Amino acid sequence: MLTQEERKNLANLLFPELKYTAEELEEKYPPRNLPPGAKVTRLGPSPTGFIHLGNLYGAFVDERLAHQSDGVFFLRIEDTDDKRYVEGAVKIIIDSLRFFGINFDEGAGLDPVTGEDINTGDYGDYTQSKRGEIYAAFAKKLVEEGFAYPCFLTEDEISDIRAKQEAAKGNPGIYGEYAPYREVTCEEAKALIDHGKTYVIRLKSTGIPSGGEEAPEKFKVMDAIRGELEMPVNFQDTVILKTTGIPTYHFAHVVDDHLMRTTHVVRGEEWLPSLPIHVELFEKLGWEPPIYCHTAQLMKLGEDGNKRKLSKRHDPELSLDYYRRLGYHPAAVREYLLTILNSNFEEWRIENPDADIDQFMFTTEKMSNSGALFDLDKLNDVSKDVLLKIPAKDIIAFLKAWAQEFKPEVMGIFKDEEYLEKIIDLGRNDAKPRKDLIYAEQIVDFISYFFQDMYKPEEGFPQDVPSEDIPLILEKYLATYDHSDDQSQWFDKIRDIATELGYAAKPKDFKKEPDKYKGHVGHVSTVIRVALMGRSQSPDVHTIQQIMGEALTRSRISGAMS
(Lines give C-alpha, C1' and ligand atoms only; values in the text may rest on other atoms or scores of the structure.)
Protein backbone atom coordinates (compact mmCIF):
# COMPACT_ATOMS: atom_id res chain seq x y z
CA MET A 1 0.00 0.00 0.00
CA LEU A 2 1.35 3.40 -0.96
CA THR A 3 2.29 5.90 1.70
CA GLN A 4 0.66 9.31 1.88
CA GLU A 5 3.80 10.87 0.36
CA GLU A 6 3.84 8.34 -2.50
CA ARG A 7 0.17 8.98 -3.25
CA LYS A 8 0.81 12.72 -3.31
CA ASN A 9 3.73 12.29 -5.72
CA LEU A 10 1.58 10.11 -7.97
CA ALA A 11 -1.24 12.69 -7.94
CA ASN A 12 1.19 15.47 -8.83
CA LEU A 13 2.58 13.38 -11.70
CA LEU A 14 -0.88 12.78 -13.13
CA PHE A 15 -2.20 16.30 -12.49
CA PRO A 16 0.86 18.60 -12.42
CA GLU A 17 -0.72 22.02 -12.92
CA LEU A 18 -4.37 22.63 -12.09
CA LYS A 19 -6.26 25.90 -11.96
CA TYR A 20 -8.01 25.01 -8.71
CA THR A 21 -7.60 22.67 -5.77
CA ALA A 22 -10.53 20.69 -4.49
CA GLU A 23 -10.64 22.90 -1.41
CA GLU A 24 -10.75 26.08 -3.50
CA LEU A 25 -13.63 24.72 -5.54
CA GLU A 26 -15.61 24.01 -2.36
CA GLU A 27 -15.20 27.68 -1.46
CA LYS A 28 -16.01 28.85 -4.99
CA TYR A 29 -19.33 26.97 -4.98
CA PRO A 30 -20.70 27.32 -1.41
CA PRO A 31 -24.02 25.92 -0.19
CA ARG A 32 -26.96 27.85 -1.61
CA ASN A 33 -28.78 30.42 0.48
CA LEU A 34 -32.31 29.04 0.19
CA PRO A 35 -35.32 28.70 2.50
CA PRO A 36 -35.55 25.56 4.67
CA GLY A 37 -36.91 22.64 2.67
CA ALA A 38 -36.14 24.24 -0.71
CA LYS A 39 -35.18 21.68 -3.32
CA VAL A 40 -32.51 22.10 -5.99
CA THR A 41 -33.08 19.97 -9.08
CA ARG A 42 -31.49 19.73 -12.48
CA LEU A 43 -32.16 18.38 -15.92
CA GLY A 44 -29.05 16.94 -17.54
CA PRO A 45 -29.78 15.92 -21.14
CA SER A 46 -27.14 14.83 -23.64
CA PRO A 47 -27.02 16.99 -26.80
CA THR A 48 -27.85 14.18 -29.22
CA GLY A 49 -30.48 16.09 -31.20
CA PHE A 50 -33.27 13.84 -29.94
CA ILE A 51 -35.33 15.17 -27.05
CA HIS A 52 -38.01 12.74 -25.99
CA LEU A 53 -41.06 12.38 -23.81
CA GLY A 54 -38.95 10.86 -21.04
CA ASN A 55 -36.93 14.09 -20.86
CA LEU A 56 -40.14 16.12 -20.50
CA TYR A 57 -41.53 13.62 -17.98
CA GLY A 58 -38.42 13.96 -15.80
CA ALA A 59 -38.18 17.71 -16.34
CA PHE A 60 -41.73 18.15 -15.10
CA VAL A 61 -40.84 16.29 -11.89
CA ASP A 62 -37.72 18.45 -11.49
CA GLU A 63 -39.63 21.67 -12.12
CA ARG A 64 -42.46 20.84 -9.70
CA LEU A 65 -40.16 19.72 -6.89
CA ALA A 66 -38.07 22.89 -7.15
CA HIS A 67 -40.74 25.51 -7.70
CA GLN A 68 -43.23 24.12 -5.18
CA SER A 69 -40.55 24.45 -2.50
CA ASP A 70 -39.16 27.88 -3.51
CA GLY A 71 -36.04 26.12 -4.74
CA VAL A 72 -33.97 26.19 -7.93
CA PHE A 73 -34.31 24.24 -11.17
CA PHE A 74 -31.34 24.38 -13.56
CA LEU A 75 -30.25 22.99 -16.91
CA ARG A 76 -26.94 21.21 -17.25
CA ILE A 77 -25.70 19.96 -20.62
CA GLU A 78 -24.05 16.56 -20.18
CA ASP A 79 -21.89 16.38 -23.29
CA THR A 80 -18.94 14.26 -22.12
CA ASP A 81 -19.69 11.68 -24.84
CA ASP A 82 -18.42 13.64 -27.85
CA LYS A 83 -19.30 10.77 -30.22
CA ARG A 84 -22.99 11.44 -29.63
CA TYR A 85 -22.82 15.22 -29.90
CA VAL A 86 -25.05 16.77 -32.57
CA GLU A 87 -24.59 20.37 -33.72
CA GLY A 88 -27.52 22.57 -32.74
CA ALA A 89 -28.87 20.03 -30.24
CA VAL A 90 -28.69 22.43 -27.29
CA LYS A 91 -31.08 24.82 -29.07
CA ILE A 92 -33.44 21.94 -29.79
CA ILE A 93 -33.42 20.98 -26.11
CA ILE A 94 -34.04 24.50 -24.83
CA ASP A 95 -36.68 25.38 -27.44
CA SER A 96 -38.57 22.10 -27.02
CA LEU A 97 -38.72 22.28 -23.24
CA ARG A 98 -39.63 25.99 -23.26
CA PHE A 99 -42.50 25.21 -25.66
CA PHE A 100 -43.96 22.84 -23.07
CA GLY A 101 -43.66 25.38 -20.26
CA ILE A 102 -40.45 24.05 -18.74
CA ASN A 103 -38.44 27.11 -17.74
CA PHE A 104 -35.14 27.05 -15.89
CA ASP A 105 -34.04 29.36 -13.10
CA GLU A 106 -30.40 29.02 -14.06
CA GLY A 107 -28.02 26.93 -16.12
CA ALA A 108 -26.95 26.53 -19.71
CA GLY A 109 -28.60 28.70 -22.34
CA LEU A 110 -28.20 30.45 -25.66
CA ASP A 111 -27.84 34.13 -26.44
CA PRO A 112 -31.06 35.10 -28.28
CA VAL A 113 -29.11 37.32 -30.71
CA THR A 114 -25.82 35.53 -31.37
CA GLY A 115 -26.90 31.99 -30.52
CA GLU A 116 -23.72 31.53 -28.50
CA ASP A 117 -23.63 29.47 -25.30
CA ILE A 118 -24.28 31.48 -22.16
CA ASN A 119 -24.71 30.68 -18.48
CA THR A 120 -27.20 32.06 -16.00
CA GLY A 121 -26.34 31.52 -12.35
CA ASP A 122 -23.35 31.32 -10.01
CA TYR A 123 -22.69 27.58 -10.17
CA GLY A 124 -21.51 27.19 -13.75
CA ASP A 125 -20.14 26.49 -16.17
CA TYR A 126 -23.25 24.38 -16.76
CA THR A 127 -21.81 22.50 -19.75
CA GLN A 128 -19.77 19.49 -18.67
CA SER A 129 -17.26 19.65 -21.51
CA LYS A 130 -16.15 23.04 -20.14
CA ARG A 131 -15.55 21.76 -16.61
CA GLY A 132 -12.45 19.63 -17.21
CA GLU A 133 -10.30 21.43 -14.62
CA ILE A 134 -12.96 20.84 -11.98
CA TYR A 135 -13.13 17.07 -12.57
CA ALA A 136 -9.33 16.85 -12.63
CA ALA A 137 -9.11 18.57 -9.23
CA PHE A 138 -11.34 16.00 -7.57
CA ALA A 139 -9.75 13.08 -9.41
CA LYS A 140 -6.42 14.31 -8.03
CA LYS A 141 -7.93 14.44 -4.55
CA LEU A 142 -9.06 10.81 -4.85
CA VAL A 143 -5.58 9.72 -6.00
CA GLU A 144 -3.96 11.60 -3.11
CA GLU A 145 -6.26 9.89 -0.63
CA GLY A 146 -5.76 6.40 -2.10
CA PHE A 147 -9.27 6.13 -3.59
CA ALA A 148 -8.23 6.29 -7.28
CA TYR A 149 -5.29 5.23 -9.44
CA PRO A 150 -4.05 5.30 -13.06
CA CYS A 151 -4.78 2.09 -14.93
CA PHE A 152 -2.65 1.24 -17.98
CA LEU A 153 -4.53 -1.88 -19.08
CA THR A 154 -4.94 -2.20 -22.85
CA GLU A 155 -8.12 -3.42 -24.52
CA ASP A 156 -6.42 -6.75 -25.26
CA GLU A 157 -5.41 -7.14 -21.64
CA ILE A 158 -8.94 -6.38 -20.49
CA SER A 159 -10.23 -9.01 -22.93
CA ASP A 160 -7.80 -11.56 -21.47
CA ILE A 161 -9.01 -10.72 -17.96
CA ARG A 162 -12.60 -11.16 -19.06
CA ALA A 163 -11.78 -14.58 -20.51
CA LYS A 164 -10.16 -15.68 -17.24
CA GLN A 165 -13.17 -14.50 -15.26
CA GLU A 166 -15.54 -16.39 -17.54
CA ALA A 167 -13.45 -19.57 -17.20
CA ALA A 168 -13.44 -19.22 -13.40
CA LYS A 169 -17.16 -18.30 -13.42
CA GLY A 170 -16.25 -15.16 -11.53
CA ASN A 171 -17.66 -11.64 -11.55
CA PRO A 172 -16.66 -9.71 -14.70
CA GLY A 173 -14.84 -6.39 -14.42
CA ILE A 174 -11.68 -4.77 -13.09
CA TYR A 175 -11.29 -5.26 -9.34
CA GLY A 176 -9.05 -6.88 -6.75
CA GLU A 177 -6.65 -9.41 -8.29
CA TYR A 178 -7.82 -8.35 -11.78
CA ALA A 179 -6.67 -4.76 -11.21
CA PRO A 180 -2.86 -4.95 -11.54
CA TYR A 181 -2.26 -1.20 -11.24
CA ARG A 182 -4.10 -0.56 -7.96
CA GLU A 183 -0.78 0.03 -6.17
CA VAL A 184 1.23 1.47 -9.05
CA THR A 185 3.93 3.83 -7.79
CA CYS A 186 4.82 7.24 -9.09
CA GLU A 187 8.06 5.89 -10.59
CA GLU A 188 6.31 2.98 -12.31
CA ALA A 189 3.60 5.24 -13.67
CA LYS A 190 6.16 7.75 -14.96
CA ALA A 191 8.10 5.01 -16.76
CA LEU A 192 4.92 3.74 -18.43
CA ILE A 193 3.89 7.26 -19.45
CA ASP A 194 7.38 7.96 -20.81
CA HIS A 195 6.99 4.84 -22.97
CA GLY A 196 3.81 6.24 -24.47
CA LYS A 197 1.33 4.14 -22.51
CA THR A 198 -2.10 5.67 -22.14
CA TYR A 199 -4.15 5.33 -18.99
CA VAL A 200 -7.51 5.94 -17.43
CA ILE A 201 -8.20 6.94 -13.84
CA ARG A 202 -10.15 4.32 -11.93
CA LEU A 203 -11.94 4.44 -8.62
CA LYS A 204 -10.19 2.13 -6.15
CA SER A 205 -13.28 0.50 -4.72
CA THR A 206 -13.23 -0.87 -1.19
CA GLY A 207 -16.19 -3.15 -1.91
CA ILE A 208 -15.59 -6.89 -1.89
CA PRO A 209 -17.14 -9.10 -4.60
CA SER A 210 -19.14 -12.09 -3.47
CA GLY A 211 -17.85 -15.48 -4.44
CA GLY A 212 -19.16 -19.00 -4.08
CA GLU A 213 -21.60 -19.18 -1.18
CA GLU A 214 -20.50 -15.84 0.22
CA ALA A 215 -23.40 -13.38 0.34
CA PRO A 216 -22.66 -9.99 -1.24
CA GLU A 217 -22.20 -7.07 1.11
CA LYS A 218 -25.20 -4.75 0.89
CA PHE A 219 -26.09 -1.17 1.69
CA LYS A 220 -29.38 0.69 2.05
CA VAL A 221 -30.41 3.91 0.37
CA MET A 222 -33.68 5.83 0.37
CA ASP A 223 -35.27 6.53 -3.01
CA ALA A 224 -37.96 9.23 -2.98
CA ILE A 225 -40.17 7.22 -5.36
CA ARG A 226 -39.33 3.60 -4.47
CA GLY A 227 -38.71 3.91 -0.77
CA GLU A 228 -35.81 2.13 0.92
CA LEU A 229 -33.64 0.13 -1.48
CA GLU A 230 -31.18 -2.56 -0.44
CA MET A 231 -28.44 -3.19 -3.00
CA PRO A 232 -25.05 -4.93 -3.23
CA VAL A 233 -22.15 -2.54 -2.64
CA ASN A 234 -19.98 -1.59 -5.58
CA PHE A 235 -16.75 -3.56 -5.93
CA GLN A 236 -15.78 -2.47 -9.43
CA ASP A 237 -12.82 -0.18 -10.08
CA THR A 238 -14.98 1.98 -12.31
CA VAL A 239 -13.36 4.37 -14.78
CA ILE A 240 -13.86 7.96 -13.63
CA LEU A 241 -11.60 9.74 -16.17
CA LYS A 242 -11.07 8.44 -19.70
CA THR A 243 -7.69 8.46 -21.49
CA THR A 244 -8.67 11.87 -22.91
CA GLY A 245 -9.18 13.26 -19.42
CA ILE A 246 -12.93 13.48 -20.05
CA PRO A 247 -14.98 12.19 -17.10
CA THR A 248 -17.47 9.38 -17.29
CA TYR A 249 -21.09 10.09 -16.42
CA HIS A 250 -20.56 8.37 -13.05
CA PHE A 251 -17.88 10.82 -11.95
CA ALA A 252 -19.12 13.98 -13.67
CA HIS A 253 -22.61 13.89 -12.21
CA VAL A 254 -21.33 13.20 -8.70
CA VAL A 255 -18.93 16.16 -8.81
CA ASP A 256 -21.43 18.47 -10.49
CA ASP A 257 -24.39 17.61 -8.30
CA HIS A 258 -22.29 18.27 -5.21
CA LEU A 259 -20.80 21.58 -6.38
CA MET A 260 -24.11 22.78 -7.83
CA ARG A 261 -25.71 21.78 -4.53
CA THR A 262 -28.35 19.54 -6.10
CA THR A 263 -30.69 18.10 -3.46
CA HIS A 264 -32.79 15.76 -5.64
CA VAL A 265 -31.69 13.81 -8.71
CA VAL A 266 -34.57 12.70 -10.94
CA ARG A 267 -33.61 10.08 -13.52
CA GLY A 268 -34.90 6.91 -15.17
CA GLU A 269 -34.88 3.52 -13.53
CA GLU A 270 -32.24 2.34 -16.02
CA TRP A 271 -29.71 4.08 -13.76
CA LEU A 272 -30.56 1.95 -10.71
CA PRO A 273 -27.77 -0.61 -11.39
CA SER A 274 -25.24 2.27 -11.30
CA LEU A 275 -26.44 3.59 -7.95
CA PRO A 276 -23.86 1.61 -5.89
CA ILE A 277 -21.04 3.25 -7.90
CA HIS A 278 -22.48 6.71 -7.33
CA VAL A 279 -23.06 6.18 -3.63
CA GLU A 280 -19.46 4.98 -3.22
CA LEU A 281 -18.10 7.98 -5.13
CA PHE A 282 -20.00 10.36 -2.86
CA GLU A 283 -18.68 8.45 0.14
CA LYS A 284 -15.05 8.49 -1.04
CA LEU A 285 -15.26 12.22 -1.77
CA GLY A 286 -16.72 12.83 1.69
CA TRP A 287 -19.99 14.28 0.47
CA GLU A 288 -23.62 13.73 1.36
CA PRO A 289 -25.39 12.25 -1.68
CA PRO A 290 -28.56 13.90 -3.02
CA ILE A 291 -31.91 12.19 -2.75
CA TYR A 292 -32.38 10.01 -5.82
CA CYS A 293 -35.76 9.72 -7.53
CA HIS A 294 -35.72 6.86 -10.05
CA THR A 295 -38.76 7.21 -12.29
CA ALA A 296 -40.57 4.31 -13.92
CA GLN A 297 -40.15 3.80 -17.63
CA LEU A 298 -42.81 5.12 -19.97
CA MET A 299 -44.85 2.22 -21.31
CA LYS A 300 -47.61 1.73 -23.86
CA LEU A 301 -49.98 -1.08 -24.66
CA GLY A 302 -48.70 -3.17 -27.55
CA GLU A 303 -50.86 -4.82 -30.19
CA ASP A 304 -50.93 -7.95 -28.04
CA GLY A 305 -52.46 -6.00 -25.17
CA ASN A 306 -49.33 -6.19 -23.03
CA LYS A 307 -47.31 -3.27 -21.74
CA ARG A 308 -44.03 -2.51 -23.46
CA LYS A 309 -41.43 0.23 -23.26
CA LEU A 310 -41.87 3.19 -25.60
CA SER A 311 -39.33 2.79 -28.38
CA LYS A 312 -37.46 5.46 -30.32
CA ARG A 313 -37.52 3.20 -33.37
CA HIS A 314 -41.15 2.10 -33.30
CA ASP A 315 -43.06 4.87 -31.52
CA PRO A 316 -42.98 8.36 -33.08
CA GLU A 317 -44.88 9.67 -30.06
CA LEU A 318 -41.72 9.26 -27.96
CA SER A 319 -40.21 12.34 -29.63
CA LEU A 320 -41.28 15.76 -28.37
CA ASP A 321 -41.11 16.93 -31.97
CA TYR A 322 -44.13 14.70 -32.64
CA TYR A 323 -46.32 16.82 -30.33
CA ARG A 324 -44.92 20.11 -31.58
CA ARG A 325 -45.51 19.23 -35.22
CA LEU A 326 -49.08 18.10 -34.58
CA GLY A 327 -49.61 21.16 -32.41
CA TYR A 328 -50.61 19.83 -29.03
CA HIS A 329 -51.11 22.74 -26.66
CA PRO A 330 -48.44 22.66 -23.92
CA ALA A 331 -51.11 23.12 -21.25
CA ALA A 332 -52.78 19.89 -22.44
CA VAL A 333 -49.52 17.94 -22.41
CA ARG A 334 -48.67 19.22 -18.92
CA GLU A 335 -52.13 18.32 -17.65
CA TYR A 336 -51.89 14.84 -19.13
CA LEU A 337 -48.40 14.25 -17.74
CA LEU A 338 -49.68 14.94 -14.24
CA THR A 339 -52.34 12.24 -14.69
CA ILE A 340 -49.58 9.67 -15.17
CA LEU A 341 -47.11 11.25 -12.75
CA ASN A 342 -49.35 11.41 -9.68
CA SER A 343 -52.12 8.89 -9.03
CA ASN A 344 -54.27 11.43 -7.16
CA PHE A 345 -54.19 14.19 -9.77
CA GLU A 346 -57.39 13.24 -11.61
CA GLU A 347 -59.32 13.12 -8.33
CA TRP A 348 -57.93 16.57 -7.47
CA ARG A 349 -58.94 17.91 -10.89
CA ILE A 350 -62.52 16.69 -10.45
CA GLU A 351 -62.68 18.51 -7.12
CA ASN A 352 -60.94 21.61 -8.55
CA PRO A 353 -62.11 21.85 -12.18
CA ASP A 354 -61.09 25.49 -12.67
CA ALA A 355 -57.94 25.60 -10.53
CA ASP A 356 -54.54 26.44 -11.98
CA ILE A 357 -52.51 23.28 -12.45
CA ASP A 358 -49.69 24.70 -10.33
CA GLN A 359 -52.00 24.66 -7.29
CA PHE A 360 -51.81 20.86 -7.28
CA MET A 361 -49.25 19.66 -4.75
CA PHE A 362 -47.08 17.19 -6.65
CA THR A 363 -45.33 14.49 -4.60
CA THR A 364 -42.87 11.76 -5.49
CA GLU A 365 -44.69 9.40 -3.11
CA LYS A 366 -47.65 9.27 -5.52
CA MET A 367 -45.50 8.30 -8.50
CA SER A 368 -45.63 4.80 -9.97
CA ASN A 369 -42.54 2.63 -9.74
CA SER A 370 -43.82 -0.15 -11.99
CA GLY A 371 -44.11 1.55 -15.38
CA ALA A 372 -46.08 4.65 -16.31
CA LEU A 373 -48.61 3.85 -19.03
CA PHE A 374 -48.70 6.44 -21.82
CA ASP A 375 -51.95 6.55 -23.81
CA LEU A 376 -52.44 8.87 -26.81
CA ASP A 377 -56.22 8.46 -26.66
CA LYS A 378 -56.19 9.62 -23.05
CA LEU A 379 -53.98 12.57 -24.01
CA ASN A 380 -56.55 13.54 -26.67
CA ASP A 381 -59.39 13.36 -24.15
CA VAL A 382 -57.44 15.51 -21.69
CA SER A 383 -56.62 17.94 -24.49
CA LYS A 384 -60.30 18.37 -25.35
CA ASP A 385 -61.06 19.31 -21.75
CA VAL A 386 -58.09 21.66 -21.43
CA LEU A 387 -58.76 23.51 -24.71
CA LEU A 388 -62.39 24.01 -23.72
CA LYS A 389 -61.18 26.23 -20.87
CA ILE A 390 -58.79 28.29 -22.98
CA PRO A 391 -60.31 31.48 -24.50
CA ALA A 392 -60.70 31.47 -28.27
CA LYS A 393 -58.30 34.42 -28.64
CA ASP A 394 -55.56 32.44 -26.89
CA ILE A 395 -56.22 29.35 -28.99
CA ILE A 396 -55.96 31.49 -32.13
CA ALA A 397 -52.63 32.93 -30.96
CA PHE A 398 -51.37 29.38 -30.35
CA LEU A 399 -52.63 28.19 -33.76
CA LYS A 400 -50.97 31.14 -35.48
CA ALA A 401 -47.57 30.46 -33.91
CA TRP A 402 -47.88 26.77 -34.80
CA ALA A 403 -48.92 27.49 -38.40
CA GLN A 404 -46.05 29.93 -38.94
CA GLU A 405 -43.58 27.23 -37.95
CA PHE A 406 -45.15 24.03 -39.22
CA LYS A 407 -47.92 24.82 -41.75
CA PRO A 408 -47.49 28.26 -43.34
CA GLU A 409 -49.85 27.34 -46.18
CA VAL A 410 -52.85 27.77 -43.83
CA MET A 411 -51.91 31.26 -42.63
CA GLY A 412 -54.80 32.65 -44.68
CA ILE A 413 -57.28 31.62 -41.98
CA PHE A 414 -55.90 34.39 -39.76
CA LYS A 415 -56.83 37.24 -42.13
CA ASP A 416 -60.08 37.79 -40.24
CA GLU A 417 -59.49 36.79 -36.63
CA GLU A 418 -62.95 37.94 -35.54
CA TYR A 419 -64.44 35.42 -37.99
CA LEU A 420 -62.00 32.77 -36.76
CA GLU A 421 -62.92 33.45 -33.14
CA LYS A 422 -66.59 32.72 -33.89
CA ILE A 423 -65.55 29.46 -35.53
CA ILE A 424 -63.37 28.38 -32.60
CA ASP A 425 -66.15 29.19 -30.11
CA LEU A 426 -68.75 27.20 -32.08
CA GLY A 427 -70.67 25.06 -29.58
CA ARG A 428 -68.21 25.69 -26.75
CA ASN A 429 -70.64 27.77 -24.70
CA ASP A 430 -73.65 25.46 -25.03
CA ALA A 431 -75.31 23.87 -21.98
CA LYS A 432 -73.49 20.71 -22.99
CA PRO A 433 -70.38 22.25 -24.57
CA ARG A 434 -68.85 20.61 -27.60
CA LYS A 435 -65.31 19.29 -27.21
CA ASP A 436 -64.16 19.20 -30.83
CA LEU A 437 -60.70 20.74 -30.48
CA ILE A 438 -57.71 18.48 -29.77
CA TYR A 439 -54.49 19.76 -31.40
CA ALA A 440 -53.57 22.34 -34.03
CA GLU A 441 -53.45 20.14 -37.11
CA GLN A 442 -56.76 18.50 -36.20
CA ILE A 443 -58.35 21.90 -35.45
CA VAL A 444 -57.30 23.35 -38.81
CA ASP A 445 -58.72 20.31 -40.56
CA PHE A 446 -61.91 20.44 -38.48
CA ILE A 447 -62.67 24.08 -39.36
CA SER A 448 -61.41 23.99 -42.96
CA TYR A 449 -64.93 23.99 -44.47
CA PHE A 450 -65.37 27.58 -43.29
CA PHE A 451 -62.73 28.70 -45.81
CA GLN A 452 -63.47 28.33 -49.49
CA ASP A 453 -59.84 27.92 -50.52
CA MET A 454 -59.44 25.05 -48.04
CA TYR A 455 -62.83 23.43 -48.55
CA LYS A 456 -62.74 19.80 -49.69
CA PRO A 457 -65.88 17.65 -49.46
CA GLU A 458 -65.06 14.57 -47.40
CA GLU A 459 -68.35 12.65 -47.68
CA GLY A 460 -71.02 12.12 -50.31
CA PHE A 461 -74.75 12.54 -49.85
CA PRO A 462 -76.54 9.93 -47.71
CA GLN A 463 -77.35 6.75 -49.61
CA ASP A 464 -80.72 6.38 -47.93
CA VAL A 465 -81.92 9.49 -49.79
CA PRO A 466 -82.88 8.79 -53.46
CA SER A 467 -80.41 10.55 -55.77
CA GLU A 468 -83.24 12.29 -57.65
CA ASP A 469 -84.41 13.90 -54.37
CA ILE A 470 -81.09 15.58 -53.61
CA PRO A 471 -81.34 18.45 -56.16
CA LEU A 472 -85.00 18.92 -55.20
CA ILE A 473 -84.11 19.27 -51.50
CA LEU A 474 -81.34 21.77 -52.26
CA GLU A 475 -83.47 23.79 -54.71
CA LYS A 476 -86.32 24.13 -52.22
CA TYR A 477 -83.88 24.92 -49.41
CA LEU A 478 -82.22 27.67 -51.44
CA ALA A 479 -85.58 29.06 -52.54
CA THR A 480 -86.86 29.37 -48.97
CA TYR A 481 -83.57 30.35 -47.31
CA ASP A 482 -83.65 33.56 -45.30
CA HIS A 483 -80.44 34.36 -43.45
CA SER A 484 -82.37 36.34 -40.83
CA ASP A 485 -84.42 33.30 -39.72
CA ASP A 486 -83.92 32.21 -36.15
CA GLN A 487 -83.22 28.54 -35.42
CA SER A 488 -86.87 27.63 -35.00
CA GLN A 489 -87.98 29.32 -38.26
CA TRP A 490 -85.06 27.76 -40.09
CA PHE A 491 -85.85 24.23 -38.94
CA ASP A 492 -89.58 24.62 -39.64
CA LYS A 493 -88.70 25.27 -43.29
CA ILE A 494 -86.59 22.10 -43.43
CA ARG A 495 -89.48 20.16 -41.91
CA ASP A 496 -91.81 21.60 -44.56
CA ILE A 497 -89.43 20.54 -47.34
CA ALA A 498 -89.23 17.06 -45.84
CA THR A 499 -93.00 16.52 -45.64
CA GLU A 500 -93.56 18.01 -49.11
CA LEU A 501 -91.15 15.44 -50.57
CA GLY A 502 -92.57 12.47 -48.67
CA TYR A 503 -90.31 12.35 -45.58
CA ALA A 504 -91.55 12.08 -42.00
CA ALA A 505 -91.50 15.35 -40.04
CA LYS A 506 -90.11 13.45 -37.03
CA PRO A 507 -87.72 10.47 -36.87
CA LYS A 508 -90.05 8.62 -34.49
CA ASP A 509 -92.86 8.79 -37.08
CA PHE A 510 -90.62 7.12 -39.65
CA LYS A 511 -89.56 4.49 -37.13
CA LYS A 512 -93.21 3.71 -36.35
CA GLU A 513 -94.34 3.51 -40.02
CA PRO A 514 -91.24 3.09 -42.24
CA ASP A 515 -93.28 1.97 -45.27
CA LYS A 516 -95.24 5.23 -45.27
CA TYR A 517 -92.21 7.54 -45.80
CA LYS A 518 -89.03 7.80 -47.87
CA GLY A 519 -87.14 8.69 -44.70
CA HIS A 520 -87.32 11.40 -42.06
CA VAL A 521 -86.39 15.03 -41.60
CA GLY A 522 -82.95 14.02 -40.31
CA HIS A 523 -82.10 12.56 -43.73
CA VAL A 524 -83.16 15.81 -45.40
CA SER A 525 -81.08 17.94 -43.02
CA THR A 526 -78.08 15.65 -43.64
CA VAL A 527 -78.31 16.44 -47.36
CA ILE A 528 -78.12 20.15 -46.51
CA ARG A 529 -75.27 19.54 -44.04
CA VAL A 530 -73.20 17.63 -46.62
CA ALA A 531 -73.86 20.32 -49.24
CA LEU A 532 -72.60 23.01 -46.88
CA MET A 533 -69.70 21.25 -45.20
CA GLY A 534 -68.92 18.12 -47.16
CA ARG A 535 -69.49 16.14 -43.95
CA SER A 536 -72.41 14.27 -42.42
CA GLN A 537 -71.36 15.17 -38.86
CA SER A 538 -70.77 18.71 -37.62
CA PRO A 539 -71.89 21.25 -35.04
CA ASP A 540 -75.27 22.94 -35.42
CA VAL A 541 -75.94 23.80 -39.10
CA HIS A 542 -77.93 26.97 -38.40
CA THR A 543 -75.11 28.38 -36.28
CA ILE A 544 -72.55 27.44 -38.91
CA GLN A 545 -74.52 29.31 -41.58
CA GLN A 546 -74.74 32.38 -39.36
CA ILE A 547 -70.95 32.37 -39.04
CA MET A 548 -70.36 31.64 -42.75
CA GLY A 549 -72.64 34.43 -43.86
CA GLU A 550 -75.37 34.39 -46.49
CA ALA A 551 -73.13 34.72 -49.53
CA LEU A 552 -70.95 31.70 -48.72
CA THR A 553 -73.96 29.66 -47.61
CA ARG A 554 -75.82 30.26 -50.88
CA SER A 555 -72.66 29.73 -52.93
CA ARG A 556 -71.95 26.39 -51.22
CA ILE A 557 -75.52 25.11 -51.72
CA SER A 558 -75.54 26.22 -55.38
CA GLY A 559 -72.19 24.57 -55.94
CA ALA A 560 -73.49 21.26 -54.54
CA MET A 561 -76.41 21.35 -56.99
CA SER A 562 -74.23 21.60 -60.09
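Lysine 284 counts as buried in this predicted model, at 5% relative accessibility, where buried means under 20% relative accessible area, exposed means over 50%, and partly exposed covers the values in between (1.4 Å probe, protein chains only). Its partner glutamate 283, by contrast, counts as exposed at 55% relative accessibility, and the side chains of lysine 284 and glutamate 283 meet in a salt bridge with an N to O distance of 3.6 Å. A salt bridge is here a side-chain nitrogen of Lys or Arg within 4 Å of a carboxyl oxygen of Asp or Glu. The model is a predicted one, in which local features need pLDDT of at least 70 and side-chain atom pairs count only at pLDDT 80 or more, while totals for chains, interfaces and linings use all residues. Residues are numbered from 1 along each chain as its sequence is written, and side-chain values use heavy atoms, with hydrogens and water left out.

Across the whole structure, a search finds 39 salt bridges. One of them joins the side chains of arginine 42 and aspartate 257 at 2.8 Å, N to O. This pair links distant parts of the chain, since arginine 42 lies in strand 1 (residues 40-43) and aspartate 257 in helix 8 (residues 249-259), 215 residues apart; helices (H or I, at least four residues) and strands (E, at least two) are DSSP runs, numbered from the N terminus. Both arginine 42 and aspartate 257 are buried.

A further salt bridge brings together the side chains of arginine 98 and aspartate 95, at 3.7 Å from N to O. These two residues are separated by about one helical turn, because they stand three residues apart in helix 4 (residues 89-99). Arginine 98 is partly exposed, with a relative accessible area of 48%, and aspartate 95 is likewise partly exposed, with a value of 24%.

On the surface, Glu5, Glu6, Glu187 and Glu188 gather in a patch of negative charge. Patches are made of residues with over 30% relative accessible area and no salt bridge, like charges being joined within 9 Å and nonpolar side chains (Val, Leu, Ile, Met, Phe, Trp, Tyr) within 5 Å. Asp and Glu count as negative and Lys and Arg as positive, while His and the chain ends are not counted. Helix 1 (4-14) and helix 7 (186-194) each supply at least two residues of the negative patch. Glutamate 188 has its place in helix 7 and is partly exposed, with a relative accessible area of 42%.

Conventions
Accessible areas come from the Shrake-Rupley method with a 1.4 Å probe; for residues, only the protein chains shown count as cover. The place of a charge is taken as NZ of Lys, CZ of Arg, CG of Asp or CD of Glu.
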